[in-house]
Amino acid sequence: MATLRLGDTAPDFTAETSQGSLNFYDYLGDGWGILFSHPADFTPVCTTELGTAAKFKEEFAKRNVKMMALSVDGVASHAEWIKDINETQNTVVNFPIIADEDRKVSDLYDMIHPNADDTLTVRSVFIIGPDKSVKLILTYPASTGRNFYELLRVVDSLQLTAYHKVATPANWESGEKVVVSPAIPTGEAKEIFAKGVEEIKPYLRLTPDPTA
Ligand code: BEZ
């Protein structure tokens, strides 16, 4: 499988998970999805990431986003590890973890980077839209745990920019001013954005978050 790129269709699959056999597309339904991989069970950084993901589940659910994690260990290993995660991270892991022992899903999503590690998955993140296209890809090495606040932030940006003719500037947080899409002339932008358009340069126009 060629490397996945933004805009590509996220490959569908059916896999064994900590919550039984699941079909990815059926699981996502018509909502958004986050598929993220971990190097291995019973490892410290992954333990903190999955505990954090469990604590963020409600925030993702508010945004109509479902999570599915993956590691290349088996279902029995996942079940034991989840007990440890719940105990040490003071949470309840409440989303499926794929048991990708045959690397089927890892290969589909190119999650094994042989020059980093030839058997374990790196820390990949795929955010998938309701149309099943890939909206965002992140890749972190095993040594660096991901920032789940950043994942929420990018979901907010992806969802805002999917439905409004805006883009979000550096370090943007939900509710802050956004950038008018470069394709829209300022005159037209002033008609579209009732809250006002501030023209700093002809190519740099700000408007209040249209949803705030
Ligand atoms: C971890 O999750 O802690 C980890 C996994 C593989 C390599 C290094 C760290």
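Me: Is Arg146 buried or exposed?
Reply: In this predicted model, Arg146 is buried, with a relative accessible area of 8%.

Me: Which residue does Arg146 form a salt bridge with?
Reply: The partner is Glu49, and the closest N and O atoms of the two residues are 2.7 Å apart.

Me: Where do Glu49 and Arg146 lie, and how many residues apart in sequence are the parts they tie together?
Reply: Glu49 belongs to helix α2, whereas Arg146 sits in the loop between β7 (134–140) and α5 (148–163), so the pair links parts that are 97 residues apart in sequence.

Me: Does Glu49 count as buried or exposed?
Reply: Glu49 counts as buried, at 2% relative accessibility.

Me: What does the side chain of Glu49 do with that of Arg123?
Reply: The two side chains meet in a salt bridge, with an N to O distance of 2.9 Å. Glu49 is in helix α2 (residues 44–62) and Arg123 in strand β6 (residues 123–128), so this pair ties together parts that are 74 residues apart in sequence.

Me: And Arg123, buried or exposed?
Reply: Arg123 is buried, its relative accessibility being 2%.

Me: Turning to helix α3, what separates Lys83 and Glu80?
Reply: About one helical turn separates Lys83 and Glu80, because they are three residues apart in helix α3 (residues 75–89). Their side chains meet in a salt bridge at 3.0 Å, N to O.

Me: Is Lys83 buried or exposed?
Reply: Lys83 is exposed, with a relative accessible area of 51%. Glu80 counts as partly exposed, at 42% relative accessibility.

Me: Changing topic, where does His78 lie?
Reply: His78 lies in helix α3.

Me: Buried or exposed, in the case of His78?
Reply: His78 is buried, and its relative accessible area is 0%.

Me: What does the side chain of His78 reach?
Reply: The His78 side chain reaches the backbone oxygen of Ile98, at 2.8 Å.

Me: Which residues is His78 in contact with, leaving aside neighbours within four places in sequence?
Reply: With those neighbours left aside, His78 is in contact with Ser18, Asp41, Ser71, Asp73, Ile97, Ile98 and Ala99.

Technical notes:
Residues numbered from 1 in each chain as written. Predicted model: local features only at pLDDT ≥ 70, side-chain atom pairs only at ≥ 80, totals over all residues. Heavy atoms only, no water. Salt bridge = Lys/Arg side-chain N within 4 Å of Asp/Glu carboxyl O. Helix = DSSP H or I, 4+ residues; strand = E, 2+ residues; numbered from the N terminus. Buried < 20%, exposed > 50% of the residue type's maximum accessible area, 1.4 Å probe, protein only. Polar contact = N/O pair within 3.5 Å; in protein donor to acceptor, adjacent residues only side chain to side chain. Contact = heavy atoms within 4.5 Å.
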